[in-house]
Amino acid sequence: MTEDIQGTPHQQGSQWYDGEAGPLVRPYAMTGGRTKPGPTGVRFDLIALVTLDPGAPDVDDDIALGPEHRTLIELCRTETQSVAELAADADLPVGVVRVLLGDLLELGCVTVSRPVPPAQLPDERILREVIAGLRAL
């Protein structure tokens, strides 16, 4: 691993290295330069739940998926996870995970359950009355 005086990484072998971070792959390389998930413009909230679609096509070498796509599929295979959990478990930036999930959603590999908007949640007063009624039993 070599660096110049400013700590700028230099190519060593076939990978780029940074003195502290190790091998680097820029996020735009993983997404093909895209910053938005798919042509549908789906928005993935951090708490949106991602599940592997049971009717998903088999992910084999015929489908052109990168290793990051396959990592997300494997993480979803074991259990439903939020977008934030997937980003942490895959050790990828959330923006990259959102773009990759957009690809997987368009291919029919995953389903996304969006969180309930606050306006559709029950009123706090009603919940307190239900709790009071349960305590009275």
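**Fold, helices and salt bridges of a predicted model**

Among contacts in the protein (heavy atoms within 4.5 Å) between residues at least 6 apart in sequence, 62% join residues at least 24 apart. The structure is a predicted model, in which local features need pLDDT of at least 70 and side-chain atom pairs count only at pLDDT 80 or more, while totals for chains, interfaces and linings use all residues. Residues are numbered from 1 along each chain as its sequence is written, and side-chain values use heavy atoms, with hydrogens and water left out.

The protein has five helices and six strands, taken as DSSP runs (H or I, at least four residues, for helices; E, at least two, for strands) and numbered from the N terminus. Read from the N terminus on, the elements follow the order β-β-β-α-β-α-β-α-α-β-α. Of the 137 residues in the protein, 26% are buried; here buried means under 20% relative accessible area, exposed means over 50%, and partly exposed lies in between (1.4 Å probe, protein chains only). The accessible surface of the protein comes to about 9,300 Å², and 55% of this belongs to carbon and sulfur atoms. Such areas come from the Shrake-Rupley method with a 1.4 Å probe, and for residues only the protein chains shown count as cover.

The buried residues of α4 are V96, V97, V99, L100, L101, G102, D103 and L104. Just after α4 comes G108, which takes a positive phi of about 80°.

Turning to charged pairs, the structure holds four salt bridges, each defined as a side-chain nitrogen of Lys or Arg within 4 Å of a carboxyl oxygen of Asp or Glu. One of them joins E74 and R77, whose closest N and O atoms are 3.2 Å apart. Both residues lie in helix α2 (residues 67-78), three residues apart, or about one turn of the helix. E74 is partly exposed, at a relative accessible area of 45%, and R77 is partly exposed as well, at 46%.

R128 and E124 meet through their side chains in a salt bridge, with 2.6 Å from N to O, and they sit four residues apart in α5, about one turn of the helix. R128 counts as exposed at 56% relative accessibility, whereas E124 counts as partly exposed at 47%. R125 and E129 form another salt bridge, at 3.1 Å from N to O. These two residues are separated by about one helical turn because they are four residues apart in helix α5. An α-helix has 3.6 residues a turn, so residues three or four places apart point the same way. E129 is partly exposed, with a relative accessible area of 49%, and D123, R125 and E129 are linked in a network of salt bridges.

Helix α5 (residues 124-136) also holds I126, which is partly exposed at 42% relative accessible area. Together with V130, L134 and L137, I126 forms a nonpolar patch on the surface, with about 440 Å² of accessible area in total. Patches are made of residues with over 30% relative accessible area and no salt bridge, with like charges joined within 9 Å and nonpolar side chains (Val, Leu, Ile, Met, Phe, Trp, Tyr) within 5 Å.
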